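User: I have a protein model open and want to learn to read it. Can we go through it step by step?

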Amino acid sequence: MHFSIPDTQEFHDESGSPYMAFNVHVNGVFHCAVRFKQLHNFHEQLKREFGNNVLPPFPPKKLLSLTPVQLEERRFLLERYIQLISQEQDISNSAVFNSFLLNAQQETQQQEPEDVSLEIFLMNGHKITVNIQSTDQTDLVLEKVASQIEVPEEFVYYFGLFLIRKETDGDNSIVRRLQDFESPYISLNAAMKDGLHRIVLRKSTWDLQYDDHLLEDRISMNLLYVQAVNDVERGWVQPSKDQLKRLNALQEKGSKKEYLHFCRTLKYYGYIQFKTCTTDYPHPDCRVVVSAGNRELNFRVEVGSQQFKEGSFKVTRMRCWRITTTYAEANGDTDDNMEQGKDGKLELAFEYLIAKDTLKWVRIISDQAILMSMCLQGMVDELVLKKQGKKIRRPAVRKKEQSHNFIKRDSSTNFLKQISSGGGGDRKHAHKKIVEKKVVVVRTATDDSPSAAQNAAQKAKHSVKRIQDKITTAVKSPLRSSENDAYDGGVGDYGIGDDDL
């Protein structure tokens, strides 16, 4: 997950007195606005859950009103804090972490719990309507959808709920996977202002061995079939003319399992394809089609009209990756560009072992950079899961008798029932201080120190803007880096070695 606090916004209490809240973005999308005291209360609950020695230091309180410079420094420190704790899986999977973010989203969007109907789509446009509470978290909604269409319990979390957007060319692009700490109903309503978004049910696993289990169940197999047909139709899977003829024949016969078995032999089956973007490899300003799947990022670089040169980058040969925002210099005045929000572009960069003892940074400029990063993280997580001999998690057992006590922006108390920790079982406490974790932070076209951004606090008088507008301010404190530990031995047998060269 990628957390950032790019800016702040001003609120007024019941007496009319102003106060500042910090805008928390998750995976590039505005999630909630929270006050310092809410985050401090959250920190205190994490201390009770995990112990003070595990957590990074929390920004200190101030007795007097903050100057713009002090406010920017606090924003910077709070962002670093939430980035650090989100990297520790024991914490980010905990009920207190997910409950706080769900509660904050609910308060920010002013959504009270109520009975609602939510439409979930398959990739062929088939609609599933489920009756839920408006504040139900993602995994609870996923379980209800799976139960309604009779997906076996052990296969529920082979699938996920994804937010997609209809593009101007008529195609649907994946925006992001919905997380357990958000309400799909609230998130969809926030995105639906343009009327172009919907939630779809898709397979969420990467390793094709998991498909072997799904093929033995009729409902799960049908879900795979619907997705495979859609991927072929939109060109994500690229069969030859003869292969396409055979696929069409199998589809006409209704031979779904045979269709899937054959489709699995084709190039790019199981990949997610991103919109055409720009890379600096093999040379600067290359137009490239990037796809993620089969433990790799695949590049198809345009070398001529409808001509491509192909290459791939294995996840196990990536040392780390990061996301930041870059700015194009205009008349040598980059600072003005940042202040005006011009030319800000998301960049995914990964450090790759291209030869023995030779690491190279490869950069991709794309507004889907965060989704690419999440795909990489998903593939790495599966590698670690298999290495540890663990299985895809099952629906969680929720302890309904427990609750969390969070304060709201007006200082009143809000009790939230404990939600799923995402683990589906007992969870051990973290074993080492989070501050010991390595974090690559890249700042582009600006000084690292908080004092260098004295005007940043003036940018955020308006909180809900286009996502692109929000991202342009993130250069003051970029989205956190996501690191693949495979190179450092974190994936064990899947780590990089001479045999990979």
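User: How many bridges join β2 to strand β3, and do they run parallel or antiparallel?

Analyst: This is a predicted model. Strand β3 covers residues 29-34. Within the pairing, histidine 25 stands opposite phenylalanine 30 in β3. β2 and β3 run antiparallel, and the number of bridges joining them is 5.

User: Which residue in the turn between β2 and β3 has a positive phi?

Analyst: The two strands form a hairpin with 2 residues between them. Most residues other than glycine have a negative phi. The turn residue with a positive phi, about 55 degrees, is asparagine 27.

User: How many bridges join strand β1 to β2?

Analyst: Strand β1 spans residues 3-12 and runs antiparallel to β2. Phenylalanine 3 stands opposite valine 26 in β2. This hairpin has 5 residues between the strands, and glycine 16 takes a positive phi near 95 degrees. The number of bridges joining β1 to β2 is 8.

User: Why is strand β2 described as largely enclosed by the rest of the structure?

Analyst: Strand β2 takes in residues 18-26. A residue is buried when its relative accessible area is under 20%. The strand is largely enclosed because its buried residues number 7 of the 9.

User: Is asparagine 23 buried or exposed, and which side chains does its side chain make polar contacts with?

Analyst: Asparagine 23 lies in strand β2. At 0% relative accessibility, asparagine 23 is buried. Its side chain makes a polar contact of 2.8 Å with the side chain of aspartate 7. Another polar contact, at 3.0 Å, links the side chain of asparagine 23 to that of glutamine 9.

User: What distance separates the C-alpha atoms of isoleucine 5 and phenylalanine 22?

Analyst: Isoleucine 5 lies in strand β1 and is buried at 1% relative accessibility. Leaving out residues up to four places away in sequence, isoleucine 5 touches several residues, including Phe22, Val24, Leu78 and Ile82. Isoleucine 5 and phenylalanine 22 are 17 residues apart along the chain, yet their C-alpha atoms are separated by 6.5 Å.

User: Which residue has a C-alpha atom separated by 7.4 Å from that of glutamine 45?

Analyst: Glutamine 45 is found in helix α1, residues 36-50. Its relative accessible area is 8%, so glutamine 45 is buried. The residue at 7.4 Å is 51 residues away along the chain: valine 96.

User: What arc do the buried residues of helix α10 cover around the axis?

Analyst: In helix α10, residues 256-263, the buried residues are Tyr259, Leu260, Phe262 and Cys263. They lie on the same side of α10, because the arc they cover is only 165 degrees.

User: Which helices do the buried residues of α10 pack against?

Analyst: Cysteine 263, one of those buried residues, has 0% relative accessibility. The packing partners are two helices, one at 218-233 and one at 241-253. Their names are α8 and α9.

User: How many disulfides does a search of the whole structure find?

Analyst: A disulfide needs two cysteine sulfur atoms within 2.5 Å. Cysteine 286 is buried, with a relative accessible area of 2%. Cysteine 263 is buried too, at 0%. The search finds a disulfide count of 0.

User: Which peptide bond is cis, with omega near 10 degrees?

Analyst: Most peptide bonds are trans. Proline 282 lies in the loop between β10 (277-279) and β11 (286-293). The cis bond runs from tyrosine 281 to proline 282.

User: Is aspartate 285 buried or exposed?

Analyst: Aspartate 285 is placed in the loop between β10 and β11. Its phi is positive, about 60 degrees, although it is not a glycine. The cut-off for exposed is over 50% relative accessible area. At 65%, aspartate 285 is exposed.

User: Is tyrosine 268 buried or exposed?

Analyst: Tyrosine 268 lies in the loop between α10 and β9. Its phi is near 75 degrees, a positive value in a residue other than glycine. With 5% relative accessibility, tyrosine 268 is buried.

User: What percentage of the residues in the protein are buried?

Analyst: The protein has 13 helices and 18 strands. Of the 501 residues, the buried share is 54%.

Key
Residues numbered from 1 in each chain as written. Predicted model: local features only at pLDDT ≥ 70, side-chain atom pairs only at ≥ 80, totals over all residues. Heavy atoms only, no water. Buried < 20%, exposed > 50% of the residue type's maximum accessible area, 1.4 Å probe, protein only. Helix = DSSP H or I, 4+ residues; strand = E, 2+ residues; numbered from the N terminus. Pairing = 2+ DSSP bridges. Arc of directions from axis to C-beta. Contact = heavy atoms within 4.5 Å. Polar contact = N/O pair within 3.5 Å; in protein donor to acceptor, adjacent residues only side chain to side chain.
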